[in-house]
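User: I am new to this structure. Can you show me how to read a few of its features?

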Amino acid sequence: MSIGKLSSWGRYPRFPQTGHGIGWRSELPGELARVAAEHGTLLPFGNGRSYGDSCLATTDQVLHLRPLDRFISADWQTGVIRAEAGVTLDEVLRLAIPRGWFLSVTPGTKFATLGGAVANDVHGKNHHVRGSFGCHVRRFGLVRSDRGRIEVAPGDADGLFAATIGGLGLTGIIDWVELQLMPIKSSLVDVVNIRFDSLDEFFALSRELDGQHEYAVAWIDCAARGASAGRGIYMVGDHAPEGGLAYDDKPKLSVPLVPPISAINSVSLRVFNHFYYNAAKPGRHPGRVGYEPYFYPLDRILHWNRIYGPKGFQQYQCVIPESAGGAAIGDMLDAIAAAHSGSFLAVLKRFGDVASPGLLSFPEAGATLALDFPEHGDATAKLFANLDAIVRAAGGRIYPAKDAHMGGEFFRACYPQWTQLEALRDPALCSRFWKRVTQA
Ligand SMILES: Cc1cc2nc3c(=O)[nH]c(=O)nc-3n(C[C@H](O)[C@H](O)[C@H](O)COP(=O)(O)OP(=O)(O)OC[C@H]3O[C@@H](n4cnc5c(N)ncnc54)[C@H](O)[C@@H]3O)c2cc1C
């Protein structure tokens, strides 16, 4: 069953994907074989919340897993659930929160599917405490074109568990995932917001406070230059000890159409950032907020990716090892401000040293910076080349889930384990990302 065209979240590069819908897990082996026989290769597709081309198939033919949205089992004593791979994080929360459980790790969107969260080994604001999503995966089912259906658990002889966590959908189709949830007493989050005026101040706050809180992240003003450069707001949070267990299902706003040009430009960026920064007063400001605005502020506006106009946008997310963090992040912010580019939501966080079980997982101890950029052709390419040079010199690397530009040589140097993943790749699966970074 063909279900129409799909795209990545950044809508760049533009390669509309033909989605082949899967209604039942039993259909997976047959559909995988059928599409592979017809087109050569294909790729699993979750909910298209990856920004670049890691969710785009080389052949533009994808198996759309989102319709696999059933729960298989749940033990509310231990917080272990098993669900089909197309179940979204939001659907997990809908069941789990009223029973006193939460995702152990959540990215900044609740619309990712379990399969997509495993395949990118996503991280969240509590990486310094709990590591990445894969640290909480107990086992999963995998359907391969060459081996059929198998169940995979940590320490498996083939190495498929490690290769599939952060394996970019290349080791087989994940059909279900068993996950350990985290107990909570309330769906509210106690937060403290602290304005900082420089990167040095951010790193000092992060070293002082990260370890005392479940969640820690900073917004950074990427438009600030000169004496204001490196300013932002550091935010820590913890699940509140009381306040009720309420799943949030408020109606959403929606961007109805793609405007002819990007609504994000240097003027709107400077104005927004100026007001956002100055709305936060100096000092430490505690408060209590719902989990939705705390974890998923962007999800409140459906189709917000359309504001970047018809050319779409790219996200640049890198991690810089702890030793080089401050200086390299400062150089990157200077380059971004000088290019008059960037986004309202620029995020800076220090990852911890909890090791991920994944072979190609992105997070490592150090500072991670993430920003969206409207796609402006050569100007974007030039800025990204400057940023890449800073990241390379600092020994850092780029997040494949967000990437649409990284050169093959850079990728292979940063992720030398790629050859092990290639050896375990299902021969019927290939993405545009994988072809770009392994064959160019
Ligand atoms: C607003 C927003 C905020 C975000 N914040 C974060 C963040 O804080 N941290 C973070 O790490 N990421 C973040 N992301 C990225 C997002 O969480 C990941 O890209 C996630 O993997 C998307 O999941 P998806 O289900 O949409 O998968 P897709 O984007 O459709 O696919 C992602 C990858 O998973 C593979 N895949 C999908 N389903 C399966 C399956 N069943 N079996 C095998 N492979 C599969 C695909 O082949 C592809 O390689 C954010 C994205 C958005 C839009």
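User: Which loop holds P13?

Analyst: This is a predicted model. P13 sits in the loop between strand 1 (2–6) and strand 2 (17–21).

User: What is the omega of the peptide bond from Y12 to P13?

Analyst: Start with the general idea. Most residues other than glycine have a negative phi, and most peptide bonds are trans. Here, the bond from Y12 to P13 is cis, with omega near -5°. R11 is in the loop between strand 1 and strand 2 too. Its phi is positive, about 55°, although R11 is not a glycine.

User: Is R11 buried or exposed?

Analyst: The cut-off for buried is under 20% relative accessible area. R11 has 10% relative accessibility, so R11 counts as buried.

User: Where is D60 found, and what is its phi?

Analyst: Look in the loop between strand 3 (43–45) and strand 4 (61–64). D60 is not glycine, yet its phi is positive, near 65°. D60 is also buried, with a relative accessible area of 16%.

User: Now helices. What should the 16 residues of helix 10 span?

Analyst: Count 1.5 Å a residue. Helix 10 (residues 378–393) should then span 22 Å, and its end C-alpha atoms are 23 Å apart, which agrees.

User: Which residues of helix 10 are buried?

Analyst: They are T380, L383, F384, L387, D388, I390 and V391. Viewed down the axis of helix 10, these fall within an arc of 160°, so they line one face. The general idea: an α-helix has 3.6 residues a turn, so residues three or four places apart point the same way. On the face turned away from the buried side are the exposed residues D378, K382 and A393.

User: What covers the buried residues of helix 10?

Analyst: The cover includes strand 18 (313–321), helix 9 (325–338), strand 20 (366–374), strand 21 (397–398) and helix 11 (408–414). After helix 10 comes G395, with a positive phi near 75°.

User: How many residues line the second largest pocket?

Analyst: It has 17 lining residues, and A339, H340, S341, H376 and L383 lie nearest its centre. The space in this pocket is about 250 Å³. Helix 10 gives the most to the lining, with 5 residues. Helix 7 (266–279) and helix 9 each supply at least two. By type, the lining has 8 nonpolar, 8 polar and 1 charged.

User: Which residues are buried in helix 13?

Analyst: In helix 13 (residues 432–439), F433, W434, R436, V437 and T438 are buried. Their cover includes helix 11 and helix 12 (418–424).

Notes
Residues are numbered from 1 along each chain as its sequence is written. This is a predicted model: local features need pLDDT of at least 70, side-chain atom pairs count only at pLDDT 80 or more; totals for chains, interfaces and linings use all residues. Side-chain values use heavy atoms; hydrogens and water are left out. Helices (H or I, at least four residues) and strands (E, at least two) are DSSP runs, numbered from the N terminus. The expected span of a helix is 1.5 Å times one less than its number of residues. Buried means under 20% relative accessible area, exposed over 50%, partly exposed in between (1.4 Å probe, protein chains only). The arc is that of the directions from the helix axis to the C-beta atoms. Contact means heavy atoms within 4.5 Å. On a 1 Å grid over the protein atoms alone, a cavity is a set of points where a 1.4 Å probe fits but cannot get out, and a pocket is an open set with protein on both sides within 12 Å along at least five of seven lines; lining residues have an atom within 4 Å of a point. Grid points are joined across faces, edges and corners, and a volume is the space filled by probe spheres set on the points. Ala, Val, Leu, Ile, Met, Phe, Trp, Tyr, Cys and Pro count as nonpolar, Asp, Glu, Lys and Arg as charged, and the others, Gly among them, as polar.
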